[in-house]
Amino acid sequence: MDKNFQEEFTQIIKFQPPLYKQRYQFVKDLVEKYKPKKVADLGCADCSLLWMLKFCSCIEVLAGLDICANVMKEKMHTLSPLPIDYLQPSERSLTVTLHHGSVAHKDPCMLGFDLVTCIELIEHLEESELKKFPEVVFGFMAPSMVVISTPNSEFNPLLSRVMLYRHPDHKFEWSQAQFQSWALETARCYNYSVEFTGVGHPPTGMEKVGFCTQIGVFVRKCPPTGESVQSEKPTEAVYKTVFKAVYPSLKDEKYLQNAVISEVIFTAQIIKHRLMSKRDEYGDDPERKSKFQPSMDCFSDCLGKLPVEKNMEPFVSGNEVHIPLITIFSFPKVNQLCGTFEKLCKLIAGKVTLSCDGSAVMFNIEHENEEN
């Protein structure tokens, strides 16, 4: 939560990469290992961790919660889709939401998450909030995994300019024994297991001091029953949503259709260009052009050696070029996007110029020559 302040005073010991980056990388490594689909970051502050996690391909839902709305609003634009996201929609869906509220309160919008992260959060909580925190996170939210990081007070003497706490807003800082005692009791009460680790190694010979940032990784032993979750669910929301972004996805038929149409036209244009280039080699004799039938052997060499049959051959008829849809469907990118030939036909219907029987994409050479 306070990475800039913390890095300012680490003069005796300098961490490379900086300590806050090590904490974020720890979470990212965990995500890449366990592949959670829904991740919530409590105490998300400037959204730096959320920004890093939005690039993890397994995540479909990201949520952030913080007590300070202004801090989130300053950087929430970094979580918005970029133009490239609309030009090249991802195969996965992704929704990012930021909420203004306290971790001491329950809200149904925080149910159903696989992973909840609390990075440098608990030391900022008042005693009354800290007492409610376990019930909210482990009892109510009950995610499969919870990651909690907090300063290790035993490391403080190695940091310059630390008189009592590392940040003026900290309400406490725990030793390793204090954190582990709290974490083990919390895990016992809510049927979780917990393992301890950390980031920011101590100097050689001072290993007993422990990590600069201590981390507890909690794993739920068994899923909560539907009845217990339902009984705890509040009747109304208490958080205020301050930001929501829904990324374009190929799972949305609107974006899938646009992608398929673009790919079909692009593929057909390539085939037409190669076809016409080969045709032009036969000269300008109209009779020879009308009798021209391209060799699919040379065509296959140019276009990835696709297996072809007679009904897959593109052809020229008068001023029209016909590119069979079955040929276009054979291209890996089109095939991957559509899955089935029937889906291809459905997505491009009425959006691409087709032959009378609908079996081929059609180009009018005469119109193109006039435009040129």
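Guide: This is a predicted model. Its largest pocket holds about 390 Å³ of space. Among the 15 lining residues, Pro89, Leu250, Ala259, Lys333 and Leu337 are the closest to the centre of the pocket.

Visitor: Which helices each supply at least two residues of the lining of the largest pocket?

Guide: They are helix H5 (83-87), helix H9 (253-280) and helix H13 (332-338). H9 gives the most, with six residues. By class, eight lining residues are nonpolar, four are polar and three are charged.

Visitor: Why is the largest pocket said to lie between domain 1 and domain 2?

Guide: Residues of the lining come both from domain 1 (19-224 + 235-247) and from domain 2 (253-281 + 295-364), and therefore the pocket lies between the two.

Visitor: Why is Asn191 called partly exposed?

Guide: The relative accessible area of Asn191 is 33%. Buried requires under 20% and exposed over 50%, so Asn191, at 33%, falls in between and is partly exposed. Asn191 sits in the loop between helix H7 (176-189) and strand S6 (192-199).

Visitor: Which peptide bond is cis?

Guide: The bond from Gln16 to Pro17 is cis, with omega near -5 degrees. Pro17 lies in the loop between helix H1 (3-8) and helix H2 (19-34).

Terms used. Residues numbered from 1 in each chain as written. Predicted model: local features only at pLDDT ≥ 70, side-chain atom pairs only at ≥ 80, totals over all residues. Heavy atoms only, no water. 1 Å grid on protein atoms, 1.4 Å probe; cavity = no way out; pocket = protein on both sides within 12 Å on 5 of 7 lines; lining within 4 Å. Points joined across faces, edges and corners; volume = space filled by probe spheres on them. Helix = DSSP H or I, 4+ residues; strand = E, 2+ residues; numbered from the N terminus. Nonpolar A, V, L, I, M, F, W, Y, C, P; charged D, E, K, R; others polar. Domains from an automatic or database assignment. Buried < 20%, exposed > 50% of the residue type's maximum accessible area, 1.4 Å probe, protein only.
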